[in-house]
Amino acid sequence: MSSPNPELSLFSYEILGLVGHQGAGPHDLLRLARRGRMLAWAGESQYYTEPKRLAKLGYLSSRKEPGKTRERTVYALTGMGLQALRDYARTPATFTPVKSDPLLRLLICDLVGEEVTRESILGLGDDLEDIRGRLDEADARAAQLPHREKYLTLTTGFLRRLLDLYADEVDRDFD
């Protein structure tokens, strides 16, 4: 990843982007990532520790708000955080290594056999439908955020094309 700032990782920029102008608590960040499933690639604890780290560095501010059972911390993007996102956006995009279970299964197919690989990949069908449904929900939520709708739907469109690639693998004939 091309980062203009060595103290920020790809995940740091994701957190800054998810917090956005309206702010979010760690539980909100985790819920947003899990809701789409395709973007929930960090461990659960990171959605709690990374915002705290970014606040200590000045990229986020924090405030306490009443929660359902106890007080919760809500983070907001600072001017420094917004500038970090702007600086990052100006760097050339790089291809991020792909971590993919189906891809790994294709890689080991010659070692474990086509039949077992084919059967395991067929199991993706229900997952793909679940994720498509979640993307439909994300598009509906995006419509409620007119200031971000265009960019959120660009994101879900990208994810839909990625899902299509997975669906092609489910339909693949190994012959």
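Which helix holds Gly81? I looked it up and found Gly81 in helix H4.

**Entry 1: what I am looking at**

I note that this is a predicted model, in which local features need pLDDT of at least 70, side-chain atom pairs count only at pLDDT 80 or more, and totals for chains, interfaces and linings use all residues. Residues are numbered from 1 along each chain as its sequence is written, and side-chain values use heavy atoms, with hydrogens and water left out.

**Entry 2: the whole chain**

I counted secondary structure first. The protein chain has nine helices and two strands. Helices (H or I, at least four residues) and strands (E, at least two) are DSSP runs, numbered from the N terminus. Along the sequence I read the pattern α-α-α-β-β-α-α-α-α-α-α. The C-alpha atoms fill a box of roughly 55 × 35 × 30 Å, taken along the principal axes. Of the 175 residues, 30% count as buried. Buried means under 20% relative accessible area, exposed over 50%, and partly exposed in between (1.4 Å probe, protein chains only). I also checked contacts, meaning heavy atoms within 4.5 Å. Among those between residues at least 6 apart in sequence, 58% join residues at least 24 apart.

**Entry 3: H1 against H4**

I then turned to a helix pair. H1 covers residues 10-19 and H4 covers residues 79-89. Their axes come within 10 Å and cross at roughly 125 degrees. That makes H1 oblique to H4. Axes here are lines fitted to C-alpha atoms, for helices over the stretch in contact, and angles run from 0 to 180 degrees between N-to-C directions. Angles under 35 degrees count as roughly parallel, over 145 as roughly antiparallel, 65 to 115 as roughly perpendicular and the rest as oblique.

Which residues of H1 meet H4? I list Leu10, Tyr13, Leu16 and Gly17 in H1, facing Gly81, Ala84, Leu85 and Tyr88 in H4. By class, this contact has six nonpolar, two polar and no charged residues. Ala, Val, Leu, Ile, Met, Phe, Trp, Tyr, Cys and Pro count as nonpolar, Asp, Glu, Lys and Arg as charged, and the others, Gly among them, as polar.

**Entry 4: Gly81**

Is Gly81 buried or exposed? Gly81 counts as buried because its relative accessibility is 0%. Leaving out residues up to four places away in sequence, Gly81 touches Leu16, Gly58 and Tyr59. I checked the Leu16 pair: 65 residues apart in sequence, but 6.8 Å apart in space, C-alpha to C-alpha.

**Entry 5: Asn5**

I found Asn5 in the segment before H1. Asn5 has a relative accessible area of 17%, so it is buried. Its side chain reaches the backbone nitrogen of Glu7 at 2.9 Å. Setting aside neighbours within four places in sequence, Asn5 is in contact with Tyr13 and Tyr59.

**Entry 6: Glu50**

Glu50 lies in helix H3, residues 46-57. Glu50 is buried, with a relative accessible area of 9%. What does its side chain pair with? I found a polar contact of 2.5 Å to the side chain of Ser12. Another polar contact, at 2.9 Å, links Glu50 to the side chain of Arg53. Such a contact is a pair of N or O atoms within 3.5 Å; within protein, one must be able to donate a hydrogen and the other to accept it, and residues adjacent in sequence count only if both atoms are side-chain atoms. Beyond four places in sequence, Glu50 touches Phe11, Ser12 and Ile15.
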